[in-house]
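Please read them with the structure open.

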Amino acid sequence: MKKIVVCLMLTLALCVLTQPQIRRSLWQAVRTGLEEAAQGSEAAPTATQEPDFSHLLGTRPANDTMNVTLYFRYRQTELLGAQSMALDITRDQTVARSIVEELVAGPDTLHGQLTALFPKGTQVLSVTGEGTTAFVTLSRAFLGAPDGAPQDWEDLESWQEEAALRRRLAVQSLVLSLTEGGRYQRVQLMIAQTDDDAPERVPLYCFDREQTNPSVVLGACSRDEAVLLTPQRAMALILEGWQARDWAQVYQLLTPESGGQLLTLSDFEAQMRRADVSLLDYTISQGTVSLDGRTATVVLDASLRSTTGGDAQIVRESVALVRSADNWAMTPSTLESLVIRD
C-alpha cells in the first residue's frame, strides 16, 4: 500500500510543470486512491470481533424483532386459531416470556375472530427453561372468575364447565405457542400468589371436573394439535352449521371475495333460507395446504336435499379454503357452489 502511495505522489510531483488541467486530474486520482485505501482498511475484519450467540441463549438485543405464532380461542369453539406477530424483544427479555405475556394480554384487534383465554388480572410471574421444558408461573388470578362470568358463576354448572374449558385451552395455547418451531418440547404450568411465593403445580380438577382428588396435579404438557383450527376442522365447522341450519356459525367462517364485501348476517340467513338446501350427511378429507400457505384444499363427499330440486350428491369434490387473518375460511362463492347444484 505504501509503495502505491509513493508512486502516485512522485507522479504528481513530475506533473507540476505540465498543464493545470492534468495536474488537477492527477490530484483527484491520488485523493480517490487514498480514500479507497482508507475504506478498505476499515472494512477489514479485526481479530477481536466475535460471533453473536444471543439467539442460543433465548435473548435478543434491544429493538430486535422476531416473527412468532400465537394461539388464542377461535370464537366460542373448543379450537385454537392463530395470530402471527412480529414480536419486539427488549434487552435481556427472553423470547419465551414475551410470548407468554402476549398470550395473557389477548389477541389484537385485527384478529376479531379470536378471543382471550386468561382472566383479567392474570400476571406472568416467571418464565424459565430447563432443557426442553419451559416452566411458566402465573398469578392465582388465572384460576379466578372467567371474563364475562356472573358473580355466582361458581354455583352455575354451565360456567363451571366453561371455566374448565378455558383453562384447558389456555394451557394448550401456552404449549402450542412455546413449542412452535421446536423452541421447547413441553410446558409446565405453575401458580403462585406473588414473585416471593414458591410456585405450586395446579390441581388437575381445575381443568377436568371429573377429577376429584386434589393431590393429582397437572404435569408437563406436550403439543396437542387436536385443538388447532386446521383446514379440515374449519370445513367441519361450516358443514356442521349448515347441517344444523345454524347460519350464524357458517357466517363466522366466511371471508369476502377479493375486493368485495360480505352480506350482512341477516341477508345471508335470508339467502340460505330461500335456497332451502339440507345437508344430510358428509365426509371430508384431512386437507392439504398450498406451498405458499395461503390456500388449502379438502375433498368432500356429501348428500343434499332441496325442497325444489330433489336429492343431489357431492362426490369427491375439491373444496378450496383461504387464509383470512391467519385462519382458514371460505368465500361465499365457494359455499354457493356447494349449495346450488346443477
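1. Start with Gly106. Gly106 sits in the loop between helix H3 (95-105) and strand S3 (114-115). Helices (H or I, at least four residues) and strands (E, at least two) are DSSP runs, numbered from the N terminus. Gly106 is buried, at 12% relative accessible area. Here buried means under 20% relative accessible area, exposed over 50%, and partly exposed in between (1.4 Å probe, protein chains only). Setting aside neighbours within four places in sequence, Gly106 contacts Phe72 and Ala116; contact means heavy atoms within 4.5 Å. Lys120 lies 14 residues from Gly106 in sequence, and the C-alpha to C-alpha distance is 9.8 Å.

2. Basis of the model. This is a predicted model: local features need pLDDT of at least 70, side-chain atom pairs count only at pLDDT 80 or more, and totals for chains, interfaces and linings use all residues. Residues are numbered from 1 along each chain as its sequence is written, and side-chain values use heavy atoms, with hydrogens and water left out.

3. Overall make-up. The protein has eight helices and 13 strands. Of its 342 residues, 36% count as buried. Among contacts with a separation of 6 or more, 59% join residues 24 or more positions apart.

4. What is the strand order in the open sheet of three strands? The order is S2-S1-S3, with antiparallel pairing. S2 and S3 are the edge strands, each with a single partner, so one side of each has no neighbour in the sheet. Two strands pair if DSSP finds at least two bridges between them. S1 (residues 64-74) and S2 are joined by 10 bridges, while S1 and S3 pair over two.

5. More on S2. Seven of the 10 residues of S2 (residues 80-89) are buried. The hairpin of S1 and S2 has five residues between the strands, and Arg75 there takes a positive phi near 50°.

6. Strand S5. Six of the seven residues of S5 (residues 133-139) are buried, so the rest of the structure largely encloses this strand. S4 (residues 124-130) runs antiparallel to S5, with six bridges. S6 (residues 186-192) runs parallel to S5, with seven bridges. Ser126 has Thr137 as its bridge partner in S5. Leu138 stands opposite Ile191 in S6. In the hairpin of S4 and S5, two residues lie between the strands, and Gly131 has a positive phi near 65°.

7. The core. Which residues touch the most other members of the largest nonpolar core? They are Leu138, Leu189, Met235 and Trp242, out of 76 residues. Helix H4 (residues 157-179) gives the largest share of this core, eight residues. A nonpolar core is a set of buried Ala, Val, Leu, Ile, Met, Phe, Trp, Tyr and Cys residues joined through side-chain atoms within 4.5 Å. Beyond four places in sequence, Leu189 touches residues including Val136, Leu138, Phe142, Val171 and Leu174.

8. Helix H8. Its buried residues are Thr334, Leu335, Leu338 and Val339 in the run 332-339. Seen down the axis of H8, they fall within an arc of 135°, so they line one face of the helix. The arc is that of the directions from the helix axis to the C-beta atoms. Among the elements that cover these residues are helix H5 (231-243), helix H7 (265-275) and strand S12 (310-324).

9. Backbone angles to inspect. Asp276 is not a glycine, yet has a positive phi of about 50°. Asp276 lies in the loop between H7 and S9 and is partly exposed, at 22%. Arg316 also is not a glycine and has a positive phi of about 45°. Arg316 belongs to strand S12 and is exposed, at 58%.

10. Cysteines. The whole structure has zero disulfides, a disulfide being a pair of cysteine sulfur atoms within 2.5 Å. Cys206 is buried at 9% relative accessible area, and Cys221 is buried at 15%.
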